[in-house]
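This briefing is intended for a reader who is meeting the structure for the first time. Please keep the sequence and the model at hand while reading.

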Amino acid sequence: MKKFLTFCICLILTLFVIDDKFLDGNIYSNIDNLFNKKTYNIISNVNALNKSPYLNKDFSSYAKTTTNFYPKNKEDLLNIYYTILNNGWDNFSYYCDSSYTSCLDDINNLSKDSNVFSSINQLVHPYNSFKTIQSNYNSNGRIDVTIEKKYSNEDIVKINNEINNIINELNINNYTNVLDKIKVFHDYIANNNKYDKDKLSGNSKYNSDSAIGTLFEGYSICSGYTDTLAIFLSKIGIDNVRVANNSHTWNALLINNEWKHIDLTWDDPITTNNSDVIIYDYYLISSKDITKKNEKEHYYSINVYNFLK
């Protein structure tokens, strides 16, 4: 019996050595997936993976689409995570280049820096943005990325159907000028929502930080307003991103080759008598003007949003 156990242990060790040296960890991966009941998309299959129907264009040089999944530096890592998110993948696996000795340290530091992943999150379509993102290192040198999306598939179907209903109800497709389409939707959201003052205290019963709260519950905070408008803009073919800092988020959109800003939250102010009022102080204004209007609330990273001029 002892001889048999010794033989089995030696066989397993031999298999892992062969796996590590010659088979790129595929034996380990299959065993790992079997016990964890999780199948990861790995780099050898990247060309076969589906692309998201909600793919954003690359506007920022902070992070951009890549086909290099053997990172050699921190910039390569940022490009990998942006590519994973922008393509809408729920999981992905990659390997650090052998020359990148600080790779795991950099991954660990990135995971602790919420600003980095938050910035990348704003550059992708809301449907591809994450609620949580985790990177786990396997002993064969593979990094497994697991993503929990902010919006479920059921949410996406529900939201798309509702936006189609609004478009039909308001006859938005009858407008020939895209600016008119945007204004009609902007005003509809403002008229049918109130700012959820209880969200920050944790006492809210609404999903006001998402398009679910905005479209179905009538209560929003800035991220709810912003996601909803971003989804609509993409639907009518307008390139856009969400702009965010530590305390606020709003929309930037490309109109006639110029970037303009809309802050629906601030265009739908809280009133003392709880009445619906729409203002246009933050409607289709330039980057210069929005920072000038309120520097404390509307600052953003030039490093991330280097395309907003």
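The structure is a predicted model. Its largest nonpolar core has 43 residues, and another core, of 27 residues, lies apart from it. An open sheet of 4 strands and 1 disulfide are also described.

**Nonpolar cores**

- Within the largest core, the residues with the most contacts are Tyr 81, Tyr 94, Ile 120 and Tyr 305.
- At least two residues of this core come from each of α3, β1 (91-95), α4, α5, β2, β3 (142-149), β6 and β7.
- The element that gives the most to this core is α3, with 7 residues.
- Tyr 81 touches Tyr 94, Ile 107, Phe 117, Ile 120, Ile 133, Ser 135, Ile 143 and Val 145, when its neighbours within four places in sequence are left aside.
- The other core, of 27 residues, includes Tyr 151, Ile 167, Ile 189 and Phe 232.
- In soluble globular proteins, nonpolar side chains tend to be buried together.

**Helix α4**

- Cys 103, Asp 106, Ile 107 and Leu 110 are the buried residues of α4.
- Viewed down the axis of α4, these buried residues fall within an arc of 100°, and they therefore line one face of the helix.
- An α-helix has 3.6 residues a turn, so residues three or four places apart point the same way.
- The exposed residues Asp 105 and Lys 112 are carried on the face of α4 turned away from its buried side.
- The cover over the buried residues of α4 includes α3, β1, α5, β2 and β3.

**Helix α5**

- Helix α5 spans residues 114-122, and its buried residues are Val 116, Phe 117, Ser 119, Ile 120, Asn 121 and Gln 122.
- Among the elements that cover these buried residues are α3 (74-86), α4 (103-112), β2 (130-137), β6 (240-244) and β7 (249-255).
- Ser 119, found in helix α5, counts as buried because its relative accessibility is 15%, under the 20% limit.
- With neighbours within four places in sequence left aside, Ser 119 is in contact with Tyr 62 and Val 304.

**Cysteines**

- The disulfide is formed by Cys 96 and Cys 103, whose sulfur atoms are 1.7 Å apart.
- The torsion about the S-S bond of Cys 96 and Cys 103 is about -50°, so this disulfide is left-handed.
- Cys 103 counts as buried because its relative accessibility is 1%.
- Cys 222 likewise counts as buried, at 12% relative accessibility.

- The strands of the open sheet follow the order β6-β7-β8-β9 and pair in antiparallel fashion.
- Strands β6 and β9 (283-285) stand at the edges with a single partner strand each, so one side of each has no neighbour in the sheet.
- On average, neighbouring strands of this sheet are turned by 35° against each other, direction ignored.
- The antiparallel strands β6 and β7 are joined by 5 bridges.
- Ala 244 has Thr 249, in β7, as its bridge partner.
- Strands of a sheet pair through backbone hydrogen bonds, either parallel or antiparallel.
- Helix α7, residues 178-191, lies across β7, β8 (258-262) and β9, and runs at about 130° to β9.

Technical notes
Residues numbered from 1 in each chain as written. Predicted model: local features only at pLDDT ≥ 70, side-chain atom pairs only at ≥ 80, totals over all residues. Heavy atoms only, no water. Buried < 20%, exposed > 50% of the residue type's maximum accessible area, 1.4 Å probe, protein only. Contact = heavy atoms within 4.5 Å. Disulfide = S-S within 2.5 Å. Pairing = 2+ DSSP bridges. Axes fitted to C-alpha atoms, helices over the stretch in contact; angles between N-to-C directions. Core = buried A, V, L, I, M, F, W, Y, C linked by side-chain atoms within 4.5 Å. Arc of directions from axis to C-beta.
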